[in-house]
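Dear colleague,

Please keep the model open beside you as you read.

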Amino acid sequence: MLWLVCYDVTDDRRRLKLAKRLEQRCQRVQRSVFECPLSEAVLDKNLQKYWLPLLKLDEDNLRVYPLDETAKRRSRVFGGARPYEPPDFVIL
């Protein structure tokens with residue numbers, strides 16, 4: 001599943017920490033927008049353990065939208081890279 005994750009974080013320090021954490025699992029497509037090819041279980045784990053604890057939810061917000069294969073195929077991109085495709089393999 002592909003997830004679109006976007007945020008609005010008021011504090012520069014929290015925003016930078018969140019962006020760095022998101023970049024570990026996702027591809028940045030705009031300043032505060034990421035495409036994340038994760039299963040729902042992995043997404044939930046990352047949300048609860050790594051992403052949400054960085055935020056002050058009375059000041060910040062994080063939004064996660066599912067993009068199924070139909071939405072992904074129908075997406076229109078003008079400038080920049082096409083929607084993220086995870087590699088077939090990873091070299092460690």
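D12 and R15 both belong to helix α1 (residues 12-25), where they sit three residues apart, about one turn of the helix; helices here are DSSP runs of H or I with at least four residues, strands are runs of E with at least two, and both are numbered from the N terminus. Please note that this is a predicted model, in which local features need pLDDT of at least 70 and side-chain atom pairs count only at pLDDT 80 or more, while totals for chains, interfaces and linings use all residues. Residues are numbered from 1 along each chain as its sequence is written, and side-chain values use heavy atoms, with hydrogens and water left out.

The side chains of D12 and R15 form a salt bridge (2.6 Å, N to O), a term that means a side-chain nitrogen of Lys or Arg within 4 Å of a carboxyl oxygen of Asp or Glu. D12 is exposed at 54% relative accessible area, whereas R15 is partly exposed at 29%; buried means under 20%, exposed over 50%, and partly exposed in between, with a 1.4 Å probe and protein chains only.

The structure holds four salt bridges, and another of them joins R14 to D60 (2.9 Å, N to O). R14 lies in helix α1 and D60 in the loop between α2 (40-51) and β4 (61-67), so this pair ties together parts that are 46 residues apart in sequence. R14 is buried at 12%, and D60 is buried at 4%.

R28 and E23 also meet in a salt bridge (3.3 Å, N to O), with R28 partly exposed at 35% and E23 partly exposed at 42%.

Best wishes
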